[in-house]
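Work through these exercises with the sequence and the model open side by side. Try each task before you read its solution.

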Amino acid sequence: MAAGRLLAAILAVLALCLARPPELAYAAGQGVVAVVNDQPITERDVSQRISLMQALGEERGAPVTRQAALGMLVDDVIKRVEAKRYGMEASDVEVTKQVERLASGMKIGADELIARLRKQGITESAFRNYLAAQIGFNRLIASRYRNEI
């Protein structure tokens with residue numbers, strides 16, 4: 001009887017492991033706090049967004065909260081999905097050009113900008129994902145409301 005319960009428990013755990021997509025299994029080790037359109041948002045993503053908003057000066061008198069950062073990340077996932085849906089997503093080349101424009105505005109090179117972000121705990125991919133969401137969504141809005149504006 002005990003062997004039967006043990007076998008049932010093992011099968012239940014195995015079924016759960018097999019039912020979870022591999023990217024979620026990997027992300028679970030990073031503390032998944034939300035899943036938006038099958039894309040996990042981790043604690044690390046939230047902490048990087050807080051650092052990014054501080055680096056960009058988005059605090060506006062009050063520190064960026066964890067909840068606000070999570071909301072921004074959720075919005076970015078939705079923006080990227082919608083931009084892709086309408087064929088308006090930002091290409092890697094466009095994101096690279098935007099990184100270069102931002103760095104140029106700061107009178108530094110793109111590599112130095114990325115190095116400065118890394119020192120603040122922000123990965124290049126987190127920064128590029130942020131830019132891609134903004135570029136794609138701005139393009140979508142401009143296209144959709146071009147005649148009304």
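**Exercise 1. The strand pair**

How many bridges join strand 1 to strand 2, and do the two run parallel or antiparallel?

Solution. The model is a predicted one.

Step 1. Find strand 1 at residues 32–36. Strand 2 covers 39–42.

Step 2. Count the bridges. Four of them join strand 1 to strand 2. The two strands run antiparallel.

Step 3. Val32 stands opposite Thr42 in strand 2. Val36 stands opposite Gln39 in strand 2.

Step 4. Look at the connection. Strand 1 and strand 2 form a hairpin, with two residues between them. In the turn, Asn37 has a positive phi of about 50°.

**Exercise 2. The overall layout**

Solution. 

Step 1. Count the elements: the protein chain has seven helices and two strands.

Step 2. The protein chain has 149 residues, and 28% of them count as buried.

**Exercise 3. The faces of helix 6**

Which residues of helix 6 are buried, and which are exposed on its other side?

Solution. 

Step 1. Locate helix 6 at residues 110–119.

Step 2. Apply the cut-off for burial, under 20% relative accessible area. The buried residues of helix 6 are Leu113, Ile114 and Leu117.

Step 3. Look down the axis of helix 6. Its buried residues fall within an arc of 95°, so they line one face of the helix.

Step 4. Turn to the other side of helix 6. Asp111, Arg118 and Lys119 are exposed there.

**Exercise 4. Salt bridges within a helix and between helices**

Sort three salt bridges by the elements that hold their partners: Arg85 with Glu82, Glu112 with Arg116, and Arg139 with Glu94.

Solution. 

Step 1. Side chains of opposite charge can pair when their charged atoms come close. The cut-off here is 4 Å from nitrogen to oxygen. By this rule the model has six salt bridges.

Step 2. Take Arg85 and Glu82. Their side chains meet at 3.1 Å, N to O. Both residues sit in helix 4, three residues apart, so about one helical turn separates them. Arg85 is exposed, at 57% relative accessible area. Glu82 counts as partly exposed, at 22%.

Step 3. Take Glu112 and Arg116. Their N to O distance is 3.0 Å. Both lie in helix 6, four residues apart, about one turn of the helix. Glu112 is partly exposed, with a relative accessible area of 38%. Arg116 is also partly exposed, at 38%.

Step 4. Take Arg139 and Glu94. This salt bridge has an N to O distance of 2.5 Å. Arg139 belongs to helix 7 and Glu94 to helix 5 (residues 92–105), so the pair ties together parts that are 45 residues apart in sequence. Arg139 is partly exposed, at 29% relative accessible area. Glu94 is partly exposed too, at 27%.

Step 5. Sort. Within helix 4: Arg85 and Glu82. Within helix 6: Glu112 and Arg116. Between helix 7 and helix 5: Arg139 and Glu94.

**Exercise 5. The largest pocket**

Which element gives the most residues to the lining of the largest pocket?

Solution. 

Step 1. Start with volume. The largest pocket holds about 470 Å³.

Step 2. Find the centre. The lining has 19 residues, and the closest to the centre are Pro40, Asp45, Leu73, Ala126 and Asn129.

Step 3. List the elements that give two or more residues to this lining: strand 2, helix 3 (43–55), helix 4 (66–85) and helix 7 (124–144).

Step 4. Pick the main contributor. Helix 3 gives the most, with five residues.

Step 5. Classify the lining: eight residues are nonpolar, six polar and five charged.

**Exercise 6. The second largest pocket**

Which residues line the second largest pocket, and which helix gives the largest share?

Solution. 

Step 1. Note the volume, about 190 Å³.

Step 2. Read off the lining: Gln39, Val77, Arg80, Val81, Ala83, Lys84, Glu89, Ala90 and Ala132.

Step 3. Assign the share. Helix 4 supplies the largest one, five residues.

Step 4. Sort by class. The lining has five nonpolar, one polar and three charged residues.

How values were computed: Residues are numbered from 1 along each chain as its sequence is written. This is a predicted model: local features need pLDDT of at least 70, side-chain atom pairs count only at pLDDT 80 or more; totals for chains, interfaces and linings use all residues. Side-chain values use heavy atoms; hydrogens and water are left out. On a 1 Å grid over the protein atoms alone, a cavity is a set of points where a 1.4 Å probe fits but cannot get out, and a pocket is an open set with protein on both sides within 12 Å along at least five of seven lines; lining residues have an atom within 4 Å of a point. Grid points are joined across faces, edges and corners, and a volume is the space filled by probe spheres set on the points. Ala, Val, Leu, Ile, Met, Phe, Trp, Tyr, Cys and Pro count as nonpolar, Asp, Glu, Lys and Arg as charged, and the others, Gly among them, as polar. Buried means under 20% relative accessible area, exposed over 50%, partly exposed in between (1.4 Å probe, protein chains only). Two strands pair if DSSP finds at least two bridges between them. The arc is that of the directions from the helix axis to the C-beta atoms.
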